[in-house]
Amino acid sequence: MKKQLKKITALFISSVLLLSGCSCGGQGTDITDQDPTASVPSEAITSDTLTESDITSAGTSGSDQTSSVTSSPSDSSGTALTETAPPQNNPAAPHDPVVTTKKTENVPQTNPVSGSFGTKWNSPNTWEENGKYCGSCELTITNNNGTAVSGWSAKITVPNGFEITSSWNGNFSINGTTLTISNVEYNADIAAGSNISFGFNYRSPSKFTPPGNVVVNGKPSSNNGGSNGGNNNNNPPATLAPQPVKPLPAPAVIGLVKDHGKLSVKGTQLVDKYGKNFQLKGMSTHGLQWFPGFVNESAFKTLRDDWNTNVIRLAMYTAEGGYCEGNKEKLKALIDDGVQAATKLGMYVIIDWHILHDNNPQINKAEAKAFFEEMSSKYKNYDNVLYEICNEPNGGADWDRDIKPYAEEIISVIRKNSPDSVIIVGTPTWSQDIDKAAANPLKEKNVLYALHFYAATHTDWLRQRLTACYNKGLPVFVSEFGCCDASGNGGNDFGQTKLWLDLLDKYGISYINWNLANKNESSSAFKESASTNGNWSANDLSQSGAWMRKWFRGEG
C-alpha cells in the first residue's frame with residue numbers, strides 16, 4: 001500500500017508540475033453513450049473521511065448534475081469527482097440521461113494558463129438538514145486576460161468535513177480544506193472577456209460562506225468579476241425591491257379545451273377564451289429521445305381522467321443527442337404524436353425547446369427559428385398548443401444580452417403563423433432569475449416567463465422572488481418543478497413542495513411536474529417496472545408520483 005501510495009503521489013506531483021500548480025481532473029464519459037435508466041450510488045466525497053482505499057472506490061450521486069469519480073488523486077486523502085453533465089435547476093432541474101458513476105484510469109489533461117480572472121458567486125442559498133449546514137452555490141469565472149484561455153482550475157477553501165453532494169460543469173476534488181474545480185471538455189476554453197459558470201450542492205458540519213478569495217490558475221482572482229448577479233455570503237439572494245402588494249386574483253379554474261378554448265395572457269394571469277383566470281396543471285415528459293414510450297393516448301388519458309391534469313409538456317432536448325444532434329424527423333413525428341393525442345383528449349400541450357447543455361439559446365438559434373417556423377405553421381389552427389422557446393438558459397447566459405434578443409427573434413417567427421399563441425420564455429440560471437426579466441420584460445403580448453424550482457433546494461428565497469415579480473406585474477409559468485432536490489435524485493421534500501404549490505394556487509400560476517418517465521431517480525413519476533401505457537396502479541408509482549397524483553386529485 002505504501003509503495004502504491006508513493007507511485008500515486010509521484011504521479012500527482014508530475015501532474016502538478018505539468019499544470020502549473022493546478023490540479024485538473026478528467027472529462028467523464030460521453031453523455032450520449034450512457035444508459036438513461038441506470039442507478040447511482042449515494043455516497044458523497046468529503047474533505048476528511050477518505051482513505052487510501054477510497055482513492056479508487058469513492059462514488060457520488062446525481063441526475064441532471066451527475067458526477068463520476070476518477071482515480072486521479074490529489075494525495076492519499078483526496079479523490080476527484082468528474083462532472084459529466086451540468087444541470088437544471090444548477091441549482092436547477094435534472095434532465096440528463098447520465099445516471100452512472102465511472103472510475104477512469106487515464107484522465108485527459110488540459111494546459112491551464114495563469115493570468116487575470118474575475119469571480120462572482122451567483123445566488124447562493126442555504127438550508128439545514130439532519131444537523132448539517134447545506135447549500136447550493138454557483139461561481140462565474142470571467143477571463144480578463146485579454147487573450148483566450150484553454151484550461152482552467154479554481155481552488156476554494158472549505159471547512160473540515162465539507163462534502164459535495166452534487167455538482168455541474170466541472171471536475172471536483174477535495175484535499176483537506178481545499179476544494180479544487182477544473183474544466184471539463186466542453187467548457188475548457190474561455191474567450192477573452194467571456195465567462196463560464198460551475199456549481200455544486202454541499203453539506204458541512206459547520207457554516208460555509210462562499211469566499212471572496214478564489215485562486216484561479218494559480219493566482220488570486222479579483223472579486224465581482226462575473227457577469228451574473230449574486231452575493232458573497234450565505235444570505236438568500238437579493239430579489240426585487242419591495243413593491244406594493246397586488247390584491248389576490250380571482251380563483252383560477254382548470255379544465256379542458258372544449259370548455260375553455262384558446263388561452264391568452266392578461267396582466268399577470270393566464271386566462272381562457274372568456275377572460276377568466278385559468279390554470280394549467282400537468283406533467284412533463286422526460287427527454288423524448290430517451291423515453292418516447294410515454295407519448296401515447298392511453299398514458300395521456302390516464303393523466304387526464306385519473307390524475308385530473310389538463311396539460312402535457314413535450315420536452316424535446318436540443319443537445320444531449322436531441323433535436324440538434326439526433327434524428328430530427330423522428331423527433332418531429334414524436335411531437336406530432338403527442339400533439340394529436342392531447343388534442344383528441346381535449347388537453348393542452350406545450351412544445352418545449354429544451355435547452356440544457358447548450359446553455360445559451362443563441363447557440364442553436366438558427367435551428368430554433370427553423371423549428372418554430374415549422375411547428376407554428378403546422379399547428380396554427382390548434383387552440384391547445386403553447387410554445388416554450390428556451391427551457392433553462394444557464395452557464396452565464398444573460399437576459400439582456402442573450403435571452404431577450406433571442407426571444408424577440410423566435411417570437412416574431414411564431415407570430416407570422418400564429419399571432420395569438422401563448423409563448424413561454426425561459427429565464428437565466430436554469431429559469432430562476434425571473435427578476436432579470438421583470439426588470440426588462442418583452443414587449444410582445446401573450447408571453448409568460450418560466451420559473452423552475454426543485455423543492456428540497458429552492459425554498460423561501462425563490463418564493464420571495466416570485467412574489468416580488470408577481471407584485472411587479474410579471475406573468476409567470478412554472479413549466480417545470482420537482483419535489484426533490486436540484487440533482488433530481490435526492491430526497492423528496494413534500495412539505496416544501498406543498499408550500500410552493502399552495503403559493504402558486506394562491507396566485508393562479510400554472511405548474512407542470514417533472515417527469516413522466518420510469519427512470520430510476522427521485523423525480524420520475526414511475527418505478528422502473530411501470531409500463532408506458534397508462535392505467536397505472538399504486539405499485540407503479542414512485543414516491544413523488546404517488547404524492548403528485550394525490551395532489552392533482554385534490555387529496556394532498
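These points walk through the predicted model, from the whole chain to single residues.

1. Ground rules. This is a predicted model in which local features need pLDDT of at least 70, side-chain atom pairs count only at pLDDT 80 or more, and totals for chains, interfaces and linings use all residues. Residues are numbered from 1 along each chain as its sequence is written, and side-chain values use heavy atoms, with hydrogens and water left out.

2. Overall make-up. The protein chain has 11 helices and 26 strands. Both are DSSP runs numbered from the N terminus: helices are H or I with at least four residues, strands E with at least two. Of its 556 residues, 62% count as buried. Buried means under 20% relative accessible area, with a 1.4 Å probe and protein chains only. The chain exposes about 19600 Å², and carbon and sulfur atoms supply 48% of that; the areas come from the Shrake-Rupley method with a 1.4 Å probe.

3. The largest nonpolar core. It holds 93 residues. A nonpolar core is a set of buried Ala, Val, Leu, Ile, Met, Phe, Trp, Tyr and Cys residues joined through side-chain atoms within 4.5 Å. Phe-300, Trp-307, Trp-353, Ile-389, Val-425 and Trp-536 touch the most other members. Helix α6 gives the most to this core, with seven residues. Apart from it lies another core, of 24 residues, Trp-121 and Phe-200 among them.

4. Trp-536 and helix α3. Leaving aside neighbours within four places in sequence, Trp-536 is in contact (heavy atoms within 4.5 Å) with residues including Ala-299, Thr-302, Leu-303 and Trp-307. Ala-299, Thr-302 and Leu-303 are among the buried residues of α3 (297-305). The buried residues of this helix pack against β19, β20, α4 and β26. At the start of α3, a side-chain oxygen of Asn-296 reaches to within 3.1 Å of the backbone nitrogen of Ser-298.

5. Strand β4. Five of the five residues in β4 (117-121) are buried. In a regular strand the side chains alternate between the two faces of the sheet. Here Phe-117, Thr-119 and Trp-121 point one way, and Gly-118 and Lys-120 the other. Five bridges join β4 to β6 (132-143), and the two run antiparallel. Trp-121 has Leu-139 as its bridge partner in β6.

6. A loop residue to check. Is Asn-391 buried or exposed? Asn-391 is buried, at a relative accessible area of 0%. Asn-391 sits in the loop between β22 (385-388) and α6 (399-417). A polar atom of the Asn-391 side chain lies 3.0 Å from the backbone oxygen of Ile-355.

Key. Buried < 20%, exposed > 50% of the residue type's maximum accessible area, 1.4 Å probe, protein only. Polar contact = N/O pair within 3.5 Å; in protein donor to acceptor, adjacent residues only side chain to side chain. Pairing = 2+ DSSP bridges.
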